[in-house]
Amino acid sequence: MKKNKPVNDIMVLSTADWDNPFWTNKQHVTLELAKRGHRVLYIESLGLRRPGINKRDLSRIFRRVLKAIKAPRQVRDNIWVWSPISIPFNRYSIVRKFNKFMLSSALKFWCWKLGMREKTLWTYNPLTTRFLTLGHFSNVIYHCVDEIKAQPGMPVDILQEAEEELARKADIVFVTSLTLLKSRKQWSDNVYYHSNVADYNHFSLALNEETRIPEDLKNIPEPRIGFIGAISGYKVNFALLEKIAEAHPEWSIVMIGTVGEGDPNTDATRLTRHKNIHLIGPRDYKLLPNYLKGFSATLLPNNINEYTASMFPMKFFEYLAAGKTVVSVDLASLADFKDYARIGKNDEEFIARLEAVIAGDSISVEQCQELAREYTYQARTEKMFKIIDEKCNESSNRP
């Protein structure tokens, strides 16, 4: 970190749009930064994956073009959202150079307009060094929350090279799983592990008496087993869901989320063949506690692959905050939390764990809440800034 440069105005280079119905680290961390008094310019996703010729991608491109001609918009106190446009074919060097020139120039202009001077970069984008010059920022923090190169359609070679450069040059790297910690430690000595957390105050609303279960969920027979998140082929084990549906036709499996988010080639028709699997689409973030209230159990039915091996599911603490027992596949990131979940190491064991929960062998609401209260965005941000402040002090004390 540069000498005597405390964190002030912050540029958050995200990989998610602000108004995505399922908020992730990017939006929640931005809120916490703003609450701490920092002015934040939230830069929406620049499009790492090469777009396909499909309705979803073409629609998103059209929306982004419309947004790109507008000035940053203020969405909360201390938060402005900017939607720059970039050419998404990042595997080509000429495209990356053009994007870097355009983004850097536009960012400089908007920071001037907003009066943002001493800027810290808080980035989630592994291609950051291909979009921005790190030397233009007083501090650079890389928050690594996923193994992005393991997602479908990513320019793997370019991502690997650029992310290593970013990790080596960043002042601090935060990671959300022990797998990410191990791999990023090879690139930098300034890597720190803080797991994913949850918006406890929001999801614990599921336990309030006045919280009402939505009518569309009430119309689905009990017991209802719920999942909330991206319903994408590389993340979710569709075969496991089918086995659950076939083994227990009296259960209702409710899937809340967009089919194919992050993977437009996802084909979920195999799920729709089962009458007791209900794909009800995304729901407003404000209503998710209402839906969680109507579930008898919650699911983490992930595939085990390179992506999920490095993933800490945000849903874990969200489910716990709602007082719901979690039945999960054997994710590496949950190794330290096995007393707070029911883990199935194979399909048969997963179904057996779920059967036991439905029969009443659930984790108590009190135990769920006890852990969830410890893992909040506010608590994690405080721990992060303790490290950031220590680094700033070390820098300022150097001769």
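This is a predicted model: local features need pLDDT of at least 70, side-chain atom pairs count only at pLDDT 80 or more; totals for chains, interfaces and linings use all residues.
Let me start with helix α1, residues 25-35.

Which residues of α1 are the buried ones? They are Asn25, Lys26, Gln27, His28, Val29, Thr30, Leu31, Glu32, Leu33 and Ala34. The list includes Lys26 and Glu32 as well as Leu31 and Leu33. Just after the helix comes glycine 37, with a positive phi of about 100 degrees.

Threonine 30 is found in α1. Its relative accessible area is 0%, and because buried means under 20%, threonine 30 counts as buried. What is threonine 30 in contact with, once its neighbours within four places in sequence are left aside? The answer is Val12, Trp18, Asn25, Val40, Tyr42 and Ile79.

Strand β2 pairs with β1 in the parallel sense, over four bridges. Within that pairing, valine 12 stands opposite tyrosine 42. Threonine 30 has both valine 12 and tyrosine 42 among its contacts.

Now the other neighbour of β1. Strand β1 covers residues 9-13, and it pairs with β5 in the parallel sense over five bridges. Leucine 13 has threonine 123, in β5, as its bridge partner.

Strand β5 runs over residues 119-123, and five of its five residues are buried. Which way do they point? Lys119, Leu121 and Thr123 point one way, Thr120 and Trp122 point the other way, and all are buried. Strand β5 also pairs with β6, residues 139-144, in the parallel sense over four bridges. There, leucine 121 stands opposite valine 140 of β6.

β2 pairs with β1, β1 pairs with β5, and β5 pairs with β6. Each of these three pairings is parallel.

Next, a part of the chain further along. Strand β9 has five of its five residues buried, so β9 is largely enclosed by the rest of the structure. Arg224, Gly226 and Ile228 point one way from β9, while Ile225 and Phe227 point the other way, and all are buried. The partner here is β10, residues 252-256, which pairs with β9 in the parallel sense over five bridges. Isoleucine 225 has isoleucine 253 of β10 as its bridge partner.

Is serine 232 buried or exposed? At 0% relative accessibility, serine 232 counts as buried. Leaving aside its neighbours within four places in sequence, serine 232 is in contact with Phe238, Gly260, Glu261, Gly262, Asp263 and Thr266.

For a contrast, look at glutamate 348. Its place is in helix α14, residues 347-358. At 54% relative accessibility, glutamate 348 counts as exposed, because exposed means over 50%. How far apart are glutamate 348 and isoleucine 244 in sequence and in space? They are 104 residues apart in sequence and 9.2 Å apart in space, C-alpha to C-alpha.

Let me step back to the whole protein. It has 16 helices and 14 strands. Its radius of gyration is 21 Å, close to the 21 Å that the globule rule gives for 399 residues, so the protein is as compact as a globular protein of that length. Along the principal axes, the C-alpha atoms fill a box of roughly 65 × 45 × 40 Å.

Of the 399 residues, 57% count as buried. Among contacts between residues at least 6 apart in sequence, 75% join residues at least 24 apart.

Last, the surface and the charges. The protein exposes about 17,600 Å², and carbon and sulfur atoms supply 51% of that. There are 56 positive and 47 negative side chains, and the centres of the two sets lie 8 Å apart.

Conventions. Residues are numbered from 1 along each chain as its sequence is written. Side-chain values use heavy atoms; hydrogens and water are left out. Helices (H or I, at least four residues) and strands (E, at least two) are DSSP runs, numbered from the N terminus. The radius of gyration is taken over C-alpha atoms; the globule rule is 2.2 Å times the number of residues to the power 0.38. Buried means under 20% relative accessible area, exposed over 50%, partly exposed in between (1.4 Å probe, protein chains only). Contact means heavy atoms within 4.5 Å. Accessible areas come from the Shrake-Rupley method with a 1.4 Å probe; for residues, only the protein chains shown count as cover. Lys and Arg count as positive and Asp and Glu as negative; His and the chain ends are not counted. The place of a charge is taken as NZ of Lys, CZ of Arg, CG of Asp or CD of Glu. Two strands pair if DSSP finds at least two bridges between them.
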